[in-house]
Amino acid sequence: MKAVVYDRYGPPEVLRLEDVERPVPLDDEVLVRIRAAAVTRADCATREANRRSGLVVSLISRLISGFRRPKQRILGSELAGEVEAVGMAVTEFVPGDQVFGTSGFRFGAHAEFICMRQTGRIAQKPAGLSFEEAAAICDGGLNALWCLRQAGLRNGQRILVYGASGAIGTAAVQLAKYFGADVTAVCSSTSVELVRSLGADTVIDYTRDDFTENGQRYDVIFDAVGKHSFGRSKGSLERGGSYLATDGLRNLGLALWTSRIGDRKVVFKIPPRYTKQDVLFLKELIESGRYRAVVDRSYRFEDVVDAARYVETERKIGNVVLTFGGATPAGVLQR
Ligand SMILES: NC(=O)c1ccc[n+]([C@@H]2O[C@H](COP(=O)([O-])OP(=O)(O)OC[C@H]3O[C@@H](n4cnc5c(N)ncnc54)[C@H](OP(=O)(O)O)[C@@H]3O)[C@@H](O)[C@H]2O)c1
């Protein structure tokens with residue numbers, strides 16, 4: 001099968017197409033023919049051994065992914081496709097089923113085929129969704145769900161989502177609405193209408209207004225793009241409120257410190273842990289019309305380097321996906 005591989009950490013250009021052995025499903029596994037897969041910030045960070053996050057994080061990243069060179073040569077986690085074959089003990093899926101899910105930090109989805117345990121984070125694709133849309137569900141959706149649960153977001157609380165136009169941000173706005181919160185979303189002018197269409201009660205354009213100066217207070221401030229800070233947000237948090245982080249080593253220390261001292265805390269739990277139940281939860285939300293994955297751009301599998309370059313601009317709106325099987329991608333999809 002064809003796969004996108006890399007043998008050394010570095011820029012998008014280290015990625016290349018190669019023929020590799022097609023995986024064979026174990027008894028409890030399904031073999032999925034991948035039709036679309038997301039290219040995420042996690043893929044890019046892993047590919048460059050988290051160099052942008054500084055020496056300490058980069059060393060930790062290499063300890064996990066392989067010190068000199070990557071142990072897992074194929075990146076990509078979030079996928080959608082068709083079940084090609086099943087192991088003898090598989091009861092939930094049959095060949096021909098259309099599925100979506102994530103292999104998480106096992107990666108391996110930037111390839112024509114992947115094996116996944118039937119009990120893993122895989123489910124039937126929501127009816128009526130394209131493979132591209134389905135591949136875009138899990139990255140932002142599962143990360144935002146994990147974060148909002150860590151903060152214990154409740155009905156009636158006020159949340160501010162900073163970076164509301166990214167993969168995690170677009171998901172967080174919709175999930176926070178679903179949990180009954182009053183949602184203020186912060187994004188640039190380009191995304192104001194999109195974010196409003198996702199259900200935000202109030203939208204602040206950060207190129208015009210600074211939310212820290214508007215006198216409003218929030219129960220939760222979710223920095224969904226890792227571009228704000230607890231220090232700058234603290235004055236806008238209610239007493240007992242939480243600053244929810246997605247990035248930054250400093251936030252690990254702050255989470256420890258503020259859990260003991262002070263009346264506003266940083267919440268940052270990594271690595272995120274999600275389950276098949278979480279994937280099924282997102283599927284149900286989609287099928288009941290309460291959630292949609294935003295797809296910014298779609299690239300052919302062969303154009304993975306361009307896709308990765310775009311993700312690395314840190315300006316994507318929602319998600320970027322690769323399509324497989326020679327189909328011409330729709331380009332800029334639904335925003
Ligand atoms: N904790 C974890 O396990 C985990 C997992 C995955 C990702 N992450 C981290 O989570 C963060 C978000 O990932 P993502 O994939 O959701 O991000 P993303 O999609 O790459 O975010 C891009 C979006 O952020 C907006 N943005 C850029 N600069 C901004 C700024 N200064 N203020 C507000 N918005 C800004 C961009 O729009 P404009 O440029 O138009 O504003 C763009 O729409 C990243 O730091 C990533 O490393 C963490």
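Helices (H or I, at least four residues) and strands (E, at least two) are DSSP runs here, numbered from the N terminus. A cavity is a set of points, on a 1 Å grid over the protein atoms alone, where a 1.4 Å probe fits but cannot get out, while a pocket is an open set with protein on both sides within 12 Å along at least five of seven lines; lining residues have an atom within 4 Å of a point. Grid points are joined across faces, edges and corners, and a volume is the space filled by probe spheres set on the points.

What you're looking at is a predicted model: local features need pLDDT of at least 70, side-chain atom pairs count only at pLDDT 80 or more, and totals for chains, interfaces and linings use all residues. Residues are numbered from 1 along each chain as its sequence is written, and side-chain values use heavy atoms, with hydrogens and water left out.

In the table, Ala, Val, Leu, Ile, Met, Phe, Trp, Tyr, Cys and Pro count as nonpolar, Asp, Glu, Lys and Arg as charged, and the others, Gly among them, as polar.

| Space | Volume | Lining residues by class |
|---|---|---|
| Largest cavity | About 50 Å³ | six nonpolar, one polar, two charged |
| Second largest cavity | About 30 Å³ | seven nonpolar, four polar, one charged |
| Second largest pocket | About 150 Å³ | seven nonpolar, two polar, one charged |

The lining of the largest cavity includes Asp43, Arg47, His110 and Val304.

Around the second largest cavity you'll find, among others, Gly140, Ala167, Tyr291 and Asn319. Helix H4 (138-151) and helix H5 (167-178) are the elements that give two or more residues to that lining, and H5 has the largest share, three residues.

As for the second largest pocket, its lining includes Met1, Pro23, Arg106 and Phe113.

Ile270 and Pro271 are joined by a cis peptide bond, with omega about -5°. Pro271 sits in the loop between strand E13 (265-267) and helix H9 (276-287).

Ala49, a residue other than glycine, has a positive phi, near 50°. Ala49 belongs to the loop between H1 and helix H2 (55-65), and at 0% relative accessibility it counts as buried (under 20% relative accessible area; exposed is over 50%, partly exposed in between, with a 1.4 Å probe and protein chains only).

Glu314 also has a positive phi, near 65°. Glu314 lies in the loop between H10 and strand E15 (319-323) and is partly exposed, with a relative accessible area of 28%.
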